[in-house]
Amino acid sequence: MSAPLAALGLFGDAIDFLLHARESRAGGTEVGGPGEFARLTWTHLQVTAAAVALAAAVALPLGLVLGHRRRGGFLAVSVSNVGRAVPSLVLIALFVAFLGVGFLNVTLALALLAVPPILTNAYVGVTQVDRDVIDAAVGQGMTDRQVMARIELPLALPLIFGGLRTSVVNVIATATIAPLAGVVTLGDPILSQGVYGDAGKLAAAIVVALLAIVAELGLGAAQRAVTPRPLRGSPGLPRRGRLFPTSPGKGLSTP
Amino acid sequence: MTHRAPRPLLLVLLVALAAVGLVACGDDADDGGGNATTSTSGGASPGAKIVENDANGKVRITIGSKNFTEQKVLGEIYAEALDAAGYEVDKQLNLGDEQTALKTLEQGQIDAYPEYTGTALLSFFDVKTEDLPKEPAAAFEQVKADFAKKDLVALPPTPFTSSNEVAVTKATADRYGLRTISDLSKVASRLTLYGSPECRQRLDCLLGLQRTYGLRFKRFVPVDLSQRSKVLSGGQADVSIVFTTDPQNKRDGFVLLQDDKGMFPPYNSTLVVRKATYDQAGPDLARTIAAVNAKLTADVVQELNARVDLDKETPEEAAEDYLKQFGFTD
């Protein structure tokens with residue numbers, strides 16, 4: 001270990017663990033180093049992507065449609081929250097009976113964890129679209145489908161992305177339990193302390209945290225990119241003020 | 001519960017084991033040195049009752065254990081035995097993993113807890129798996145010396161060892177004619193092995209099976225430790241890594257393949273006591289522990305685990321039964 005890393009104590013040791021493979025704590029093999037962590041991270045991302053994609057494929061259309069109809073949402077959101085209330089570890093154990101262990105099992109368990117934020121946010125995002133805007137769109141002759149695609153979806157995007165971000169971060173963090181069900185992710189150094197030691201455990205935790213941060217920032221950037229220009233800006237500002245620039249006093253604007 | 005062994009049969013088994021165990025504990029009693037309360041070990045029958053010594057009443061001993069069944073049962077046995085010998089006993093039987101337990105012991109919140117020799121060497125004293133002594137006695141001597149440097153006394157270990165085992169179902173064993181781990185070499189490439197996540201990179205697990213036995217399994221699947229028996233009885237695993245004293249081994253009829261190349265290190269359990277407590281407690285402490293240890297063979301411990309894990313007795317009840325059946329208490 002280099003001197004500056006040594007000065008950082010266990011944290012420095014963990015960084016060193018990421019950079020250089022070393023003999024395992026129990027002996028007999030080499031662990032750590034960029035190669036192994038690249039493999040672990042790749043599997044981690046695969047299972048995360050699969051779980052979030054599956055969850056989004058189910059929850060997004062459902063949330064948009066229920067939001068459009070403005071009914072049934074409460075029930076759907078409540079039911080989906082069960083996925084959040086039951087620990088993923090229990091879900092995995094439950095699925096062992098039907099699916100055995102492996103990628104499918106873990107993906108399904110993590111997808112159930114990912115559904116509630118996506119569904120809730122999509123539903124709420126659509127319902128909070130101003131009725132006047134929809135009425136105006138319908139008055140211009142837009143069909144139901146057009147209203148959903150051109151009005152509700154764009155206006156709900158910031159919240160939809162908020163849901164996705166929450167889900168992705170949840171899943172990245174929870175995918176660390178996957179090695180308990182046959183998928184060797186970044187959770188392996190965390191769970192196999194006897195092999196990786198404290199440094200390996202911390203090293204994996206650092207990588208998981210970095211992944212979560214990168215995902216959060218990346219999705220934030222993506223969200224900005226797909227949000228219609230007039231809607232961008234800090235979320236705290238009143239929307240109406242930006243859509244219809246306030247002109248002092250005159251005109252048709254009601255008090 | 002129709003597959004349960006009937007109790008009377010078990011009792012016969014236990015008594016038979018006790019008779020064998022006596023040989024071991026006879027030695028321990030001799031070096032005790034003429035104390036009038038020589039009460040516990042080396043008697044002529046399995047019923048070497050623990051005699052209460054009033055002088056022990058001023059010594060308070062807190063027994064700890066880690067957080068799984070076997071440890072809790074051991075903790076209860078020691079606690080109840082020492083209580084019978086007259087000590088003031090407290091219990092702290094859910095201390096998490098070995099690191100937590102050791103820390104608690106060193107800080108003096110507990111006075112003693114049972115630890116496995118292999119675990120202690122690997123986890124506390126940074127011995128590499130390939131350097132672990134293969135002989136239980138040698139492993140214990142090494143552990144004892146290492147603990148002594150920490151002002152801890154390791155009492156003589158149990159006869160049972162609780163190490164990893166390579167398990168297959170009876171059907172699998174019959175189909176491929178498996179008796180030893182070496183027998184797997186012809187068929188391993190067709191079999192799926194299940195083990196804990198750690199197993200993949202441990203010399204006393206998958207890594208050792210590859211190195212020592214040259215086995216190449218079709219697939220290794222890491223699973224939660226708690227699934228180790230279920231994946232085998234449920235048919236997902238062809239081969240699973242279980243523990244010697246797992247109650248399911250007998251009840252589900254698993255075949256434990258013989259470790260014919262001596263790959264698994266010894267995991268006998270030793271009660272680790274703080275030096276100060278050990279000195280204060282006098283000879284009855286070591287004597288009582290040696291006596292109850294002597295009967296703790298793999299079969300007995302497996303049965304005790306079974307009563308807790310499968311029959312839902314509390315560890316306290318199982319320990320009480322154990323002490324009564326062997327005549328340590330009434």
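Analyst: Happy to; here is a short tour, starting with how to read it. This is a predicted model, in which local features need pLDDT of at least 70, side-chain atom pairs count only at pLDDT 80 or more, and totals for chains, interfaces and linings use all residues. Residues are numbered from 1 along each chain as its sequence is written, while chains are lettered from A and ligands numbered from 1 in the order in which they are written.

User: Great. How many helices and strands are in chain A?

Analyst: Chain A has 11 helices and two strands; these are DSSP runs numbered from the N terminus, with at least four residues (H or I) for a helix and at least two (E) for a strand. Starting at the N terminus, the order is α-α-β-β-α-α-α-α-α-α-α-α-α.

User: And how many residues of chain A count as buried?

Analyst: Of its 255 residues, 40% do. Buried means 20 or more other C-beta atoms within 10 Å of the residue's own, exposed means 12 or fewer, and partly exposed is in between, with C-beta atoms placed from the backbone.

User: Which residues have the most contacts inside the largest nonpolar core?

Analyst: Leu110(A), Ala114(A) and Ala81(B), in a core of 151 residues. Such a core is a set of buried Ala, Val, Leu, Ile, Met, Phe, Trp, Tyr and Cys residues joined through C-beta atoms within 7 Å. Helix H6 (residues 103-127) of chain A gives the most to this core, 14 residues.

User: What does Ala114(A) touch?

Analyst: Setting aside residues up to four places away in sequence, its partners include Ala51(A), Val52(A), Ala55(A) and Ser167(A). Contact here means C-beta atoms, placed from the backbone, within 7 Å.

User: Switching to chain B: which residues of helix H3 are buried?

Analyst: In H3 (residues 98-106) of chain B, Ala101(B), Leu102(B) and Leu105(B) are buried. They sit on the same side of H3(B), because they cover an arc of only 95° around the axis, taken from the directions from the helix axis to the C-beta atoms. The buried residues of H3(B) pack against several elements of chain B, including strand S1 (60-64) and helix H4 (117-124). Just after H3(B) comes Gly108(B), with a positive phi of about 85°.

User: One more: why does Cys199(B) count as buried?

Analyst: Because Cys199(B) has 26 C-beta neighbours inside 10 Å. Cys199(B) is in the loop between strand S6 (192-195) and helix H7 (206-211) of chain B. Beyond its neighbours within four places in sequence, Cys199(B) contacts Cys205(B), Leu206(B), Pro222(B) and Ile241(B).

Note on methods
Contact = placed C-beta atoms within 7 Å.
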